[in-house]
Each structure stands twice: as structure tokens, then as C-alpha cells.
Amino acid sequence: MRHHDPPPAERVPEVLSILSIGLWQWDTADDRVTVDAEAARQLGFPAEPAVLREAQIRSRIHPEDWNEMLAVVQLALAEHTLAEARIRVMDDGNRVLRTLRSRCRPSYNARRGSYEVVGVLQEVGDPVPGAARQGPVIGDWRRNREAFLLDAGRALAEAGSTHEVLRVAAGLSMPGFSPDGLAVFGVEGNRLRVVGHHGQPQQDAFPFTQMSVDTDYPAAEVIRTGRAVYIRSPEEYRSRYPGGWPLAAQFHRKSWAFLPLVVGGRTLGAWMAGFAHPVKFTPDERSVLTTVARMLAQALARAGTAETERELTQGLQASMMPRLGPKVPGMEISGRYVPTGGGLQVGGDWFDMIPLPGVTAAPGQGGRFALVIGDVQGHDVQAAGLMGHLRIALRAYASEGHPPDAVLSRASRFLHGINESERTDDTRFATCLYVEVDPDSGALTMARAGHLDPVIRLTDGTVLLRPTAGGLPLGIWPDPDYPVTEFVLEPGETLLLCTDGLAETGGHDLLSGWERVRDILEGSSDGDDMEELADTLVSSVLGPSSHHHAGPLPDRREDDIAFVLLHRPTEESRGKEGAAWWPVRQIAATIAQDEPDRIRDARAELRQLLHDWRDLDQVDSAVLLTSEMLANVLMHTDADATLLARISGGKGPRRLRVEVTDSGESLPHKRDPGELASSGRGLFLIEQLASTWGVDPRGEGKTIWFELGEP
């Protein structure tokens, strides 16, 4: 036999026996381990070929080393490499007989559905006392590795964005072999993409962004094959990847590890770890790198999904929630939308500003426009979708020139049709407040569909809820009726339209939430900028100061917040220079013959007007007299009643004047009713309770009035 020829197969066992190398084969299908005589001897069995069970082998190996060997075998199977481990053989008294080095190649038999492991065993000497360990550390190293992996997993799990994931990866300090440079590669089409890197200047990443996945570069190979690549020295790098070596040589590193980033069986990219010192990449070190790569892949996938969802929801909300448009001469407008409920960044709250037809000027040049605010039931993607449909429908109906009641009626029919066509149990409704605005005169014409009443801040700083007639929420009935309310926004007054989130966020109900909003608005002044006032409202409800105004309810759930502020500024000069001017606080309302229920709203609005009046008995008297005057008009005439209540005076005593006007020609007469009479006491009460009163005939109709002086 020539010395160049391989030895005959029958002499291989003899050669291995001379070298004290044992052969073993493990088949998991039938739980059978076949060993030759040398392997049996090394494992503490009689020195003869044998077929053993897994339990017999396991009883001879130190438990820590058995678990370590299984982990190394699994790693080698995933990487299609050799598995190498050191194992300690124990006797019946649990004393260490010898230390063996096991080298094997695992494989998977798809036909049988089992694993097959073929390898060799060789006895190694014990380390010299005091000498540095060259092999893998089994005790302290393993404990350090487990602690490191726990910390790394916790940090990567808490990272919420790709930037945070890369920052955490750059700060990982691996036990005994920390890299000094990291890079994460992704794939766009057929080219590599540098997702992020650490340890090299930003401009150095440019050459790697122009690579094809077919390039002779380790990261490209990892992405193509899904297998890790370990390079122990620059010489190995140069020989294996001559095309990619010039790019890597400039960083002067000694070892490299390129690992696939796999999620759900799909390779998303590759992770490069570069080392400034030589690394052997032992099974323990490869195991750590592989575990980190898996955690890094999961973290990047989560962060990418979260960023995609965040970008989608923000883009969806931005497309569905346009800005309030250009500035309007004679008006100041501001609005805010704050998604707070459930963590989802889109919901059913919205507002809009719509230019109206029939005028020659656009809203930015002083033309009429409409303000719309609404809230679709729910806080999910379906609510956001319905909100988008409804907003477009309202804009279309308003652009056709329909009045507010017709716009809401058509919108309700539109939403009801959507609910009927889907025929699901999850039908949705929406509340809405639609306001037509004439910036020249300050006239407001509004219709309300189950929404909150608007809020008015008067010129003297008093804040009132403005009761308005309303109808059912949109979508409940196909042909609802929406009464219209008209009033004028006087110079210096501010109108607030909002959804219930502004009032109820922070454990408030509508009553306590309204009081909180009232306090904020009353703390502002006519000269305040509307943008600053809007920011103040948001911070008072959601900011640190909101904890000082916690509501009475234990439930602290938050809801979306949407609101619009409309302010009509006053003239810069008031009367003569140096003359004292005090703002007038007033309310006005019209009560039709078929709306007797609105007398209740008028009483409530008058109480709000007098909320800081010093004499509470006078407040009750004013409410009683106003109710009597309005009821008399509706009972004794066929006309509508117009109410005007005004408080005048500055510092010191103020004066309340209440007027009720109707178009009836007959004048009221005071009379002395009997004890059993059911009417006729109205003027008697006015005379007894008012400071002064009177009846003034008009060209058409009359006005009855009374005044009260604040004590």
C-alpha cells in the first residue's frame, strides 16, 4: 500500500484503538447507542462492543455535561456544523473517572423522523494546576452566560423601536468575548440594506448598502442560506471571501460572526458581530451568539411591526383629521385631537371646517363656513373607518348648500344605510354638532345630533353651557328631525365645541368634568391666544396638573379628546380714551310655541349666568320670574317668546335685567286672583320680587321686563 493511499476500511477501528479514540453512534428512533470497545471503556463499561440505552449512557455522564452536550448538538444541527463538548465520566460513587472530548456530527432522518449522531470520544488530560484554561468554562462561565442572556432578553423585550433595539444590542457585554462592532443587515429586493450599525463611522456603512444578495460577502451568504458563518482570523476571511475582504480589512478586526435573523422560519436579515481580538467560537460562544441573534430577530420584528402600525395609524388619522384651514378675518379658530384611549392612535372622534357655497369669498377671505365635531361609537379601526365615511358625507352635504338640519338628517340616513347593509350585531351610531358661522355678523346656526351642548365664554369671563335643541344620534333612525338653534357670538366671546373625552377623562362624570373645563376657560381672558388656550385645556386634562383635579369616579379610563375653539375678538379701542368700560354678560334665546320644554333650558342657562351672584335668594327669584314670563307668552298668545337676560356693571354692585318679548298685541294686566285661581299671579310675583319692572309696547308686540340689583 502506498503511503498516499487511505487505510482500508477494515483497519480504521485498529488505527482508532491505537490512538485511544472510541466510536459511538446514537439513533433516537429506537433509543439505541452503539459503541465500540474503546468507547465502552472510556465510558466506564466493559471494554467490548455494545449496544446501550440512552439511560445507561446518561448515568455515566455528569448531569451538567449531559445537558451541555445536548445543547451543543442542537446548535450544530441548526448550523450544519460539528458538535464538540467536554464530558466528565462518573463512577458508581459519583466520582469523576476521566474527562472526554466528544466530537460528532448530528443529522436528521426525515424518512424516520429521528435524529442520528455519529462521533468519536477521546480522553483528555486534566488541566495543570495554576494554568490558564484554554477550553470552555463550564461553571462560572455558564452562570455568567445565563445572567447575561436574562438581562439581554429583558432589555430587548422592552425596546419599543428599531433604534432602541440597536442601541440595546450595541450595549450588550457578552461574557468573555464582547464585540467591538455590530451591524444589522436587512434585504430590500435583491440588495442588502444596513438597518443599523455600531462601532464604525456612519459613512463607512455606504459601501455595504450597494451589495447584491449574490455578492461574495458573509452577510449575503447568511441571508441566502440561513446558516451562520464564523470567521476566526483575517487569513480565513481573505481566503473564504476574497471579494468582500477589502471592505472588512479597513476595520482591523480579528474575528467575525455573521448570524441569520430568523422569525417564523423566515430569514429577515443578518447580524454581524466583529471582534478586535481572536475568538475561537467554541460551542458555548456560538450558543450565546445564536441565542442573542434569535432574541435580536424577535425584537426587531416586534419593533418593525409596532413602527409600521404606528406609522399606519398616524397616517390614517392625519388623512382623516385635516387641519382647520386658513385664518378667517374677524375670527380666531383653534382645535386639538388627542388620542388617549386604549393605546390605539385612531378612533371615532373628529372635527372639521367646511367652506360653504353661496358666497363669493372663501373662509380665508371672510366667507361663511361650517364647524363640525362628532364622535363615532367605539375606539377601534371600525370606528375610525366609519368616522372617515361620515366626515366625507357631511362635507359633501354641506358643500351642496343644505342647512344644518338637512345636513344632519342626510348624514343620519347615510350612517343608518351602512349599518343596514352590513347587517351585523355591532351597529354603530355617532353624535355630531354642526355649526354654520357667519364671520361678519358672528351669527351661529347650529343643529345637534345627540352631542354635548356647546360652551360659551362671555366677554366678562363667565362660562356657560349653551342649551341647544337636539335630536337623535346619527344612524339610529333613517329620517330624524333636527331642530335648529340660532344665536350671535358677540365680540369678545368664545365658543367651545368638544367631545365627551374632554370632560370625562381622569375619573370625571359630565358634571364634574364640565366644572373643570369651566374653571380653565374662566381663567383665560379676551386677549389670550387660542392656540395657547387649547394647549392649556389639553395639559389641564392630561398633563401633570390634571392630578390636582381628579374626578370623583374610581374609574380612570381615558377617552379620545377632540375640541374646537372659536373666538370673536373685540375691537382694539373701547369708547373714549380713559373711559371705563365693563363687558356685558348676557344670554338670548327664542322659545317657540311647540317647544315648551325649552323653558327648562332657559332656567338652567339663567342660573349659569348668575353663578357668581352674591344673593342666592335673588337667583331663585330671577329664575322663577323668568319662567313665569315665558310660560305666560306661550299660554296666552300665539307668538314665540324671545328671552334676553343681561348683567351690567363693573366693580361693585351689578344689575340684572331680564326681558321677554313676543309679537302679541294684548298687554298684560295685574289683577288680584282668588285663593282658588290657577292663574293670574305672574305680575303679582314680579311686583313683589323684582326691584323694578315694566311692560313696554313695541311696534309689533310688547316686552315685559324686570330688574334686580345685587346687594
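Modeller: Start with Phe281, in the loop between β11 and α10 (283-320). This is a predicted model.

Biologist: Why is Phe281 called buried?

Modeller: Buried means under 20% relative accessible area. Phe281 has 1%, so Phe281 is buried.

Biologist: What is the phi of Phe281?

Modeller: Phi is near 55° there, a positive value in a residue other than glycine.

Biologist: Where is Asp31, and what is its phi?

Modeller: Asp31 sits in the loop between β1 (21-27) and β2 (32-35). Its phi is positive, about 55°, although Asp31 is not a glycine.

Biologist: Why does Asp31 count as partly exposed?

Modeller: The cut-offs are under 20% for buried and over 50% for exposed, with partly exposed in between. Asp31 has 29% relative accessibility, so Asp31 counts as partly exposed.

Biologist: Now to a strand. Why is Ile354 called buried?

Modeller: Its relative accessible area is 0%, and the limit is under 20%, so Ile354 is buried. Ile354 belongs to strand β13 (residues 349-355).

Biologist: Which residues does Ile354 touch, beyond those up to four places away in sequence?

Modeller: Contact means heavy atoms within 4.5 Å. By that test, Ile354 touches Phe369, Ala370, Val372, Leu394, Arg395, Ala398 and Ser399. As for Leu371, 17 residues from Ile354 along the chain, the two C-alpha atoms are 6.5 Å apart.

Biologist: Which residues of helix α7 (residues 218-225) are buried, and what covers them?

Modeller: Pro218, Ala219, Ala220, Val222 and Ile223 are buried. Their cover includes β7 (181-188), β8 (191-198), β9 (229-231), α8 (234-240), β10 (255-263) and β11 (266-275). After α7 comes Gly226, with a positive phi near 75°.

Biologist: On to helix pairs. How are two packed helices described?

Modeller: By the angle between their axes and the distance between the axes. Take helix α11 (residues 381-399) and helix α12 (residues 404-422). Their axes cross at roughly 145° and come within 9 Å. The crossing is right-handed.

Biologist: Which residues meet there?

Modeller: From α11, the residues include Leu386, Leu390 and Tyr397. From α12, they include Leu408, Phe414 and Ile418. The residues of this contact divide into 12 nonpolar, two polar and two charged.

Biologist: What are the angle and axis distance for helix α14 (residues 510-522) and helix α15 (residues 530-542)?

Modeller: The angle is about 145°, and the axes are 10 Å apart. α14 passes α15 in a right-handed crossing. Arg516, Val517, Ile520 and Leu521 of α14 make the contact with Leu533, Thr536, Leu537, Ser540 and Val541 of α15.

Biologist: How do the residues of that contact divide?

Modeller: Six are nonpolar, two polar and one charged. Arg counts as charged, so Arg516 of α14 belongs in the charged class.

Biologist: What makes a set of residues a nonpolar core?

Modeller: The residues must be buried, of a listed type such as Leu or Phe, and joined through side-chain atoms within 4.5 Å. The largest such core here has 54 residues. Leu444, Leu566 and Phe706 have the most contacts inside it. Helix α17 (residues 616-636) gives the largest share, eight residues. A second, separate core has 32 residues, including Val165 and Tyr230.

Biologist: And the whole chain: how many helices and strands, and what share is buried?

Modeller: The protein chain has 18 helices and 27 strands. Of its 711 residues, 47% count as buried.

Methods:
Residues numbered from 1 in each chain as written. Predicted model: local features only at pLDDT ≥ 70, side-chain atom pairs only at ≥ 80, totals over all residues. Heavy atoms only, no water. Helix = DSSP H or I, 4+ residues; strand = E, 2+ residues; numbered from the N terminus. Buried < 20%, exposed > 50% of the residue type's maximum accessible area, 1.4 Å probe, protein only. Axes fitted to C-alpha atoms, helices over the stretch in contact; angles between N-to-C directions. Left-handed = near helix turned anticlockwise from the far one by under 90°.
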